[in-house]
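My notes go down in the order in which I looked things up.

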Amino acid sequence: MAGKGRDAVQRNKAANFPGDPVENKFTLVQLLKSGEAGEMLLLKAHETEDFYVSRHIQSLNLSFEKIAKIPNEVLPQIIYTSEDKAFGVTTVIEEYITGLSLDLWMKNRDYDPVNDEMAGSLFLQLADGVASLHKADLVHRALSPANVMLSGGRNIKVMGLSHVTPKMGPYNNGYKGMLGFAAPEQVLTGRADYRSDVYSLGMTMLHLLGAGYNGKYKKILKCCIAENPSERYSSAVALKEAIKNCQSLSISRLMSILFLTYAVIMGSLFLINHYCSPTTALLAEQRLFHDTTAAKPASEAPQQEASGTSSGSGEASGGEQAPNSEKKVSLLLSVPGDSAGTEKAVNLVVNPGNYRTFAKAPQYGPNAVQLPQSQKLVLTIKNNTKRDIMNPVFKFIPSYMNLSQIPNPPNTVVHHEGDIVKCQRDINIAAGSSMTFVLPLAHAVLTEPFKASPTIKVILQSDNYPDVQAMASFKF
């Protein structure tokens, strides 16, 4: 199979970047998929060592060149596209996306419906991505849970872009969409418009929310999946605005409830102070303060659960409540060879030595220095739950530090997003087991070592658990 993938690259070596063959820019890693529709290859860029996917599609006149010009993070970044009219093949190179399709993600959840908070985030992202296609006069035609990727726990990517066609184009005919998610008019005639995408988008969200859904997006979804196209939103642009208005209304209602509660409490205090004895009023105020304080943890608990973020540990998100604090996902940090950091900790304090002896890094500032070549940060992840941690991603967020030149950990897909470094391995962390991940800090730069305390915030993200955080602080 790998030989067949290399042959595919060889056949398409005439597809050039300006002046250079594709094969001079990338190394073939492996063949990911092969079928009647074409081949999918995993590539690694020579200069950046980033991973990309090359697709060879047995079709011409596709819309990838137009999609590549759309600046939207919900759509995969397309860096190159060309057509070989002699062979009838379109070649596309796009970013490598890790994660799970929504249909597989729901299967792993045993089809447990998502809550309104999670649904709102996914709904808005999905509408935003499709809206950007509609603004460019393009129709997706194949929206379904199988063509939507969930990456990093909450980030959406709209896939299946080989089906995208101009709204009034000659190829918007004959394709009848994804079974169970295509609009009735598309199934009957093979033609689709913006409203057909709206229908498919609504059916995709119902797959996540369940057939008996009765939450705050019920009216919006009913409009999306109306049988008559004229009763749906005119495009995903209009749908996106409806979702945002619905979410704004929820915030307004919450503020109204809080204001009403405040008015009731203040009115009660006024009546007590004016119509009761001073002793009675004082006792009443004390009881009110005691009741309010006692009620705080109960009112804050749902917010913490909804936020999906904790310091050092996270609860399972699949509807299963851990009976005690041990049945959690934990993230601990340590630094090998440092007496101040040999013990693993959620909030780790590291003393790397006398910064005045470190190598200078003037390109990052007059006081900038590099950490020693041997410096490392060790992550220990313990999965004390009954489910595997799916597709773990480690996000490193530096403060008063620069990690742009650190070496890549072995067998790891690394992405630099501004100052942030994201690392991923295509392995899961089995239930009841642990994993160690080592981040090399050679060439890491401390920009102001004597003015501020440099830190690295570490976040563990996955497809099926809330985020887990830890912090490493460098003290001198």
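The entries below go from the whole chain to sheets, salt bridges, a loop residue and a surface patch.

**Entry 1: ground rules.** I note that this is a predicted model, where local features need pLDDT of at least 70, side-chain atom pairs count only at pLDDT 80 or more, and totals for chains, interfaces and linings use all residues. Residues are numbered from 1 along each chain as its sequence is written, and side-chain values use heavy atoms, with hydrogens and water left out.

**Entry 2: the whole protein.** I looked up the secondary structure and found nine helices and 26 strands. Helices (H or I, at least four residues) and strands (E, at least two) are DSSP runs, numbered from the N terminus. Of the 476 residues, 47% are buried. I use buried for under 20% relative accessible area, exposed for over 50%, and partly exposed for in between, with a 1.4 Å probe and protein chains only. The accessible surface comes to about 24,500 Å², and carbon and sulfur atoms hold 54% of that surface. Accessible areas come from the Shrake-Rupley method with a 1.4 Å probe; for residues, only the protein chains shown count as cover. Among contacts with a separation of 6 or more, 65% are between residues 24 or more positions apart. Contact here means heavy atoms within 4.5 Å.

**Entry 3: sheet β8-β10-β11.** I traced an open sheet of three strands in the order β8-β10-β11, with antiparallel pairing. Strands pair if DSSP finds at least two bridges between them. β8 (100-101) and β11 (155-158) are the edges; each has a single partner strand, so one side of each has no neighbour in the sheet. Four bridges link β10 (residues 148-151) to β11.

**Entry 4: sheet β17-β24-β20.** I then followed another open sheet of three strands, ordered β17-β24-β20 and paired antiparallel. Its edge strands, β17 (369-370) and β20 (401-402), each pair on one side only. Between β20 and β24 (residues 445-446) I find two bridges. Met401 has Leu446 in β24 as its bridge partner.

**Entry 5: salt bridges.** How many salt bridges does the structure hold? The structure holds ten, a salt bridge being a side-chain nitrogen of Lys or Arg within 4 Å of a carboxyl oxygen of Asp or Glu.

- Arg55 and Glu94 form a salt bridge, with the closest N and O atoms 3.7 Å apart. Arg55 sits in β5 (residues 51-57) and Glu94 in β7 (residues 89-95), so the pair ties together parts 39 residues apart in sequence. Arg55 counts as buried because its relative accessibility is 15%, and Glu94 is buried at 5%.
- Arg232 and Glu185 meet at 2.8 Å, N to O. Arg232 is in the loop between α7 (218-224) and α8, and Glu185 is in helix α5 (residues 184-189), so this pair joins parts 47 residues apart in sequence. Arg232 is buried at 5% relative accessibility, and Glu185 is buried at 18%.
- Lys422 and Glu417 meet at 3.8 Å, N to O. Lys422 counts as buried at 17% relative accessibility, whereas Glu417 is partly exposed at 44%.

**Entry 6: Ile429.** Is Ile429 buried or exposed? Ile429 is buried, because its relative accessible area is 2%. I place Ile429 in the loop between β22 (420-424) and β23 (434-440). Setting aside neighbours within four places in sequence, Ile429 contacts Ile381, Asn383, Asp388, Ile389, Pro392 and Met435. I also looked up Asn391, which is 38 residues from Ile429 in sequence and 8.2 Å away in space, C-alpha to C-alpha.

**Entry 7: a surface patch.** Which residues form a nonpolar patch on the surface? I list Tyr262, Ile265 and Met266, with about 290 Å² of accessible area together. Patches are made of residues with over 30% relative accessible area and no salt bridge, like charges being joined within 9 Å and nonpolar side chains (Val, Leu, Ile, Met, Phe, Trp, Tyr) within 5 Å. Ile265 belongs to helix α8 (residues 236-275). With a relative accessible area of 34%, Ile265 is partly exposed.
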